[in-house]
Structure formats: structure tokens, C-alpha cells
Amino acid sequence: MLIWAAVFAVGVYFVGVPTSDPLIAFGWLWLATIAWRNHEPWQTHLRFLRDWLPICLLLFIYNISRGYADKLFAPHVTELIAFDKWMFGWFTGDLTPTQWLQEHLWQPGVVQWWEVVVSIVYFSHFLTLPTIAVILWMRSRYQWARFMRRWFVLCVFGLITYFLYPAAPPWWAAEPQHGALIEATRISTKGWDAIGLHGAGNTLNALQVEAANPVAAMPSLHTAFAFMAVVFFLPKVRRRWWPLLFAYPLSMTFTLVYTAEHWVIDVLVGWAYVGVVFVVVGLAERWWEARRRTLN
């Protein structure tokens, strides 16, 4: 595991974070399972490919199809600005939360210590759910299957929404070619420079510039994934630990709003989607289990 961690750190430093391709991310995680269970026979390690390759292909198709989601309708933005102002304008002086946070916390040309934390939290989106899924796969295939069903349905719901309601993020609304509707700067990767991970920042910047769909803000799957990572384990965690667990989706929420990646309304809808997915998938699982018992 130390060898794997060292190789991964070198790869991140020189190549960048594995964010653009799920096959690369799961390749790293596969190597991690081999390192962790190096005493197992090779047939055991090949089971990872058998179980994960279909899922990786589905996620790859999701990434590709996401790029066509803004072709049907014009992007929405003014109503998102109006909602954020309606909800928080009494406190921010009729500014969106993104504008207010950047006015009070961000300084052009200066990397604050919290922006390092913000960049790390933002990057965690790309590895948190895959890492949880791999750990569940090693410990309990039943829980792994439950987790993957919810993750995949959440992605499908998000993709459908991207097609039906393309929504522009704050950084898009701030660009002159889109009317400069607000003042905001995209700063989600600024913290990497302070800790010397220039390659990580460059990779994420390139991915953002060449994003398949820049108007896929609604819902915020960044927040939805972070929220799902917590909600899935709530029934098995004592309530006194819940505030600690919820610190992750809340920190992701702050990160996305502060860095101009998402509006607050995007976050709220992302949370709601998680709730809907858990209800829908839970009902489907109970129906299938009841049907299976009836047939047997």
C-alpha cells in the first residue's frame, strides 16, 4: 500500500488528478485492492474486472452523453440568480451568496489557506464515491450492490435533468459573452498552487475548460454525491456522529458556492434528488425481494 500510495502521489504531481475518465480512476482503485489483498490468488483480483467493467462503461457512456445535454434547450440562469437573491438577499444586500462570499473572502492573486482546503474538498468529489464503492466491494457485495444501484440511478436522474433543464453556473453567468449578469470568478483549483500540486490544478483546469457540458449545474451532483456518501451510512452510525458526517456535504456546499461552481438552488435540488433516489430504489428493492420470495 505504501508503494501504491507513492506511485499515486507521483502520478498526481506530474500528470494530474484522475478526474476525466472513470476507467483511469477505477484502474487506480483496482491496483489499490491488489496491494491491500496481495496475498489473494490472481483469480480473486480478476473478479474486480468482472464486477466493475460494466459499471465503468456505464459511467463512461454517462460522461459522453452528458455532453449532448445542452443541445435541446437554451440554458437557464436568470431564474437561478433570482432564487438565490430571494433566499439570501436580505442578508447579502441583494447579492447572490457566491458574490457575497467572494467579496468577503477572495483576494485576486492571493491564495488563502482556506482555498487549499476548498480545492481538496472539490477534488474529493472525483474519488469519494468510487473509494467507498471499492471498500464495500471488498467487505460486502450485498452492500456494494445497494450502493451502486443508488449511485447509478442518481446519475441517470441528473442526466435527464441536464437534458430537460440545462442550467448555467455562476462563473458562466459572470462571463462577458453571456451578459456578465453577476461578478464572480471560478476559483475551485486555486488552492493547488499553494501546496505545489501544479499538475493537479492544470489537469482540473483543462478539464473545466474543455468540459463536455458547461451548463450542467442543475442539480449539483457534486453535492448530491457528497450527501449520498453520508446518507447511505446514517442507519449504521450512532447519531452523535451525524454532525461529523454531515460536515462533508456542508463543506462541499460551501466550496461549490464560494468558488462559483454552483448556485445554492443547485445544491438544494441535489439534496432533494438524493432523497428521491433513496426512496425510489428502496421501494424497488423491497418489491423485488417480495416478488422473489413469492416465486420461490
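Helix α8 (residues 141–164) packs against helix α11 (residues 221–231) at an angle of about 160°, and the axes of the two helices lie 11 Å apart. The model described here is a predicted one. Because angles over 145 degrees count as roughly antiparallel, α8 and α11 are therefore roughly antiparallel to each other, and their crossing is right-handed. On the side of α8, the residues that take part are Phe147, Arg150, Trp151, Leu154, Cys155 and Tyr162, which meet Leu221, Ala224, Phe225 and Met228 of α11. By class, this contact of α8 with α11 is made up of nine nonpolar residues and one charged residue, with no polar residues.

From α7, the residues Leu129, Pro130, Ile132, Ala133, Leu136, Trp137 and Arg139 meet Arg141, Gln143, Trp144, Phe147, Met148 and Trp151 of α8. The residues of the contact of α7 with α8 comprise ten that are nonpolar, one that is polar and two that are charged. Phe147 and Trp151 are named among the α8 residues that meet α11, and both are also listed among those that meet α7.

When neighbours within four places in sequence are left aside, Trp151 is in contact with Phe26, Leu59, Leu129, Pro130, Ala133, Phe225 and Met228.

The loop between α6 (113–124) and α7 holds His125, which counts as buried because its relative accessibility is 13%. Apart from neighbours within four places in sequence, His125 is in contact with Leu221, His222, Phe225, Tyr248 and Met252. Of these contacts, Leu221 and Phe225 are also among the α11 residues that meet α8. The C-alpha atoms of His125 and Thr223 are separated by 8.4 Å, although the two residues are 98 residues apart along the chain.

Most residues other than glycine have a negative phi, and most peptide bonds are trans. The peptide bond from Met218 to Pro219, by contrast, is cis, with omega near 0°, and Pro219 lies in the loop between α10 (198–209) and α11. A positive phi of about 45° is found at Ala180, although this residue is not a glycine; Ala180 is placed in the loop between α9 (170–173) and α10, and with 41% relative accessibility it counts as partly exposed. Ala260, also not a glycine, has a positive phi of about 70° and is located in the loop between α12 (242–258) and α13.

Terms used: Residues numbered from 1 in each chain as written. Predicted model: local features only at pLDDT ≥ 70, side-chain atom pairs only at ≥ 80, totals over all residues. Heavy atoms only, no water. Axes fitted to C-alpha atoms, helices over the stretch in contact; angles between N-to-C directions. Helix = DSSP H or I, 4+ residues; strand = E, 2+ residues; numbered from the N terminus. Parallel < 35°, antiparallel > 145°, perpendicular 65-115°, else oblique. Left-handed = near helix turned anticlockwise from the far one by under 90°. Contact = heavy atoms within 4.5 Å. Nonpolar A, V, L, I, M, F, W, Y, C, P; charged D, E, K, R; others polar. Buried < 20%, exposed > 50% of the residue type's maximum accessible area, 1.4 Å probe, protein only.
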